[in-house]
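User: I am new to this structure and would like a close look at a single part of it, the places where pieces pack against one another. Please take me through them in one connected account.

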There are 2 protein chains.
Amino acid sequence: MKDIKKLAAATASVDDGPAMPAMRRGRPPKGNAAEGRKKLLVAAITLFSEQGPDSVSTRQLAQAAGVNLSAITYHFGGKDALYEAAIRQAIDDLAPRRQMLINYLETILRETDGDQKALAKAIGSFVKAFFAVLVKDDFPLTTIRLLMRELHHPTTAFSQVIDQHIDPVQDAIARLAAVATNCDVSDPQVRLLGLSVTSQIFMLGIMRPVVLSRMGWSDYSADNANTVIKLTTTSILRLLGLPENIDRFEDNDELSES
Amino acid sequence: MKDIKKLAAATASVDDGPAMPAMRRGRPPKGNAAEGRKKLLVAAITLFSEQGPDSVSTRQLAQAAGVNLSAITYHFGGKDALYEAAIRQAIDDLAPRRQMLINYLETILRETDGDQKALAKAIGSFVKAFFAVLVKDDFPLTTIRLLMRELHHPTTAFSQVIDQHIDPVQDAIARLAAVATNCDVSDPQVRLLGLSVTSQIFMLGIMRPVVLSRMGWSDYSADNANTVIKLTTTSILRLLGLPENIDRFEDNDELSES
DNA sequence: TTAAGTTAATCAAACGATTGACCTAATTAA
DNA sequence: TTAATTAGGTCAATCGTTTGATTAACTTAA
């Protein structure tokens with residue numbers, strides 16, 4: 001009975017979607033173990049960065065990963081567990097860049113050493129450099145979007161993202177804000193200011209459709225990026241109460257002629 | 001056959017969930033027509049403000065509205081159509097407040113008439129008044145959240161929200177930003193600045209879990225609100241390049257009207 | 001032999017939508 | 001005036017899909 005069914009099914013072969021390199025069966029050789037697991041994590045980061053666990057189906061995940069449906073249960077135990085693993089993976093993937101960012105900010109603080117003017121200039125350079133990195137092809141936009149989504153729609157993974165990604169970065173930003181505003185790092189206003197400054201950049205991503213619509217843009221490329229960088233630099237310096245007389249604003253801001 | 005089934009079902013009576021006032025049958029009297037429609041819209045605004053159409057089921061909507069499942073199809077044609085109707089309703093519900101906000105901003109512009117110092121003071125008062133309104137019980141937080149969600153995860157209703165809610169308000173803010181920075185309203189920088197200023201307020205809502213976690217708060221009440229208002233006021237004035245002379249504490253705003 | 005992993009088939013639950021029976025105010029016809 | 005009809009709406013039951021998860025058979029390196 002069963003054998004008949006199986007045979008029939010074996011010859012059936014419906015659609016396989018996009019031609020995938022056909023997962024090899026059997027036990028994997030020592031070196032490349034749990035390959036399906038990795039493929040699932042990559043697919044999960046991509047899909048969950050756009051849609052949230054409720055709106056992404058296990059079948060979508062499996063197909064995107066080129067993996068059998070049951071691999072999710074086998075490797076992670078279920079969809080929700082896969083989501084948490086993806087968050088964890090995202091945090092780890094970002095570790096090098098996170099550390100670089102923190103080091104950069106610490107370096108600025110160390111090298112400007114309280115000189116407001118120098119600090120302002122360094123931050124201006126930083127914003128420019130940050131956006132330059134942001135538009136590069138290898139910038140992990142998707143991974144970051146996943147974490148942002150988790151922060152916006154918290155699940156059980158929330159505190160992990162806060163503890164291991166947000167807090168370290170925000171602490172560094174707060175230290176910088178403290179120096180800029182001549183306040184103590186422990187001052188609540190300084191922490192909040194750090195978030196304000198950060199939101200100046202992230203607002204462009206979070207409210208992207210609104211910004212593009214308002215500006216009449218279709219993306220952030222070329223000239224549009226320059227407009228954004230110019231304003232963001234000014235905004236951040238102003239938020240921090242730093243002088244902004246550097247290379248920019250040759251036009252009508254400081255000297256009101258009318 | 002069928003009659004037997006129906007009778008059996010009639011006496012079955014499983015669970016009805018929370019005790020609802022039991023929708024009356026028959027044709028409604030002239031005055032109160034389409035009552036179920038209205039109840040569905042209210043429930044839709046509430047549920048869709050938190051979860052997005054994909055994650056809210058028709059059964060959830062029907063139960064929250066105290067209405068039969070098929071009422072959704074009957075009144076709107078389907079879940080997606082109900083979502084669009086809810087967006088439309090939200091836009092209409094916000095019309096009075098939207099107009100008041102725009103009028104308020106226009107009044108500020110008219111009455112300060114280019115005086116930067118007066119403008120700064122008026123904006124300071126505005127922020128204070130805005131937050132005062134924000135925390136009142138009748139403030140339509142849920143309705144606004146629905147529109148924000150649509151902007152963040154655009155569907156077919158996106159352009160409606162932009163055209164009828166965002167653009168009018170942002171245009172008014174841009175006019176104010178133009179005066180504050182001595183630029184032309186058509187200047188892209190001014191439009192972007194308007195969005196920056198707005199995001200200073202909305203960031204508190206969008207990134208609420210992050211802000212609360214970073215600040216060690218459980219909500220925005222009392223002292224926490226004061227901290228927020230203080231920083232937001234300063235931030236907005238700085239973003240607009242306006243003087244922040246004002247004594248932020250124990251200063252009575254001229255418009256105590258709410 | 002076992003350990004590690006893949007695969008098609010299958011399951012119960014939940015999903016959006018539809019149906020036909022039912023109910024009553026309003027309208028029309030006799 | 002009253003009886004029939006229609007308009008507007010509710011309701012339980014049901015349909016076909018999709019969902020997340022499980023299973024048993026299969027495959028190959030260790």
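Analyst: A helix axis here is a line fitted to the C-alpha atoms over the stretch in contact, and an angle between two axes runs from 0 to 180 degrees between their N-to-C directions. The model is predicted.

Start with a helix pair in chain B. Helix H5 of chain B covers residues 79–112, and helix H6 of chain B covers residues 116–134. Their axes cross at roughly 155° and come within 9 Å. An angle over 145 degrees counts as roughly antiparallel, and H5(B) and H6(B) are therefore roughly antiparallel to each other. Their crossing is right-handed. On the H5(B) side, the residues that meet H6(B) are Tyr104(B), Ile108(B) and Thr112(B). H6(B) answers with Ala118(B), Leu119(B), Ala122(B), Ile123(B) and Phe126(B). By class, this contact of H5(B) with H6(B) has 7 nonpolar residues, 1 polar residue and no charged ones.

Now turn to a helix pair in chain A. Helix H5 of chain A runs over residues 79–93 and packs with helix H8 of chain A, residues 141–152. The angle is about 125°, and the axes are 9 Å apart. That makes H5(A) oblique to H8(A). H5(A) passes H8(A) in a left-handed crossing. From H5(A), Ala86(A), Ile87(A), Ala90(A) and Asp93(A) take part, and they meet Thr143(A), Leu146(A), Leu147(A) and Glu150(A) in H8(A). The residues of this contact divide into 5 nonpolar, 1 polar and 2 charged.

The next level is the division of chain A into domains. Domain 1 of chain A spans 33–89 and domain 2 of chain A spans 94–239. The C-alpha centres of the two domains of chain A lie 29 Å apart. Where they touch, domain 1 of chain A provides 9 residues and domain 2 of chain A provides 11 residues. On the domain 1 side, helix H2 (35–55) and H5 of chain A each supply at least two residues. H2(A) gives the most to that side, with 5 residues. The domain 1 side divides into 4 nonpolar, 3 polar and 2 charged residues.

The last level is where the two chains meet. This contact takes 39 residues from chain A and 37 residues from chain B. The elements of chain A that give two or more residues to its side are H2, H8, helix H9 (158–181), helix H10 (188–206), helix H11 (208–215) and helix H12 (222–239). H10(A) provides the largest share of the side of chain A that touches chain B, 11 residues. By class, that side of chain A has 19 nonpolar, 14 polar and 6 charged residues.

How are the two copies related? A rotation of 180° with 0.0 Å of shift along its axis superposes chain A on chain B, with an RMSD of 0.1 Å. The two copies are thus related as by a two-fold rotation axis. Of the residues of chain A, Arg238(A) comes closest to the rotation axis, with its C-alpha at 2.7 Å. As for the surface involved, 90% of the interface residues of chain A are also interface residues in chain B, so the copies meet through the same surface.

Notes:
Residues numbered from 1 in each chain as written. Chains lettered and ligands numbered in written order. Predicted model: local features only at pLDDT ≥ 70, side-chain atom pairs only at ≥ 80, totals over all residues. Helix = DSSP H or I, 4+ residues; strand = E, 2+ residues; numbered from the N terminus. Parallel < 35°, antiparallel > 145°, perpendicular 65-115°, else oblique. Left-handed = near helix turned anticlockwise from the far one by under 90°. Contact = placed C-beta atoms within 7 Å. Nonpolar A, V, L, I, M, F, W, Y, C, P; charged D, E, K, R; others polar. Domains from an automatic or database assignment. Least-squares fit on C-alpha atoms with pLDDT ≥ 70 in both.
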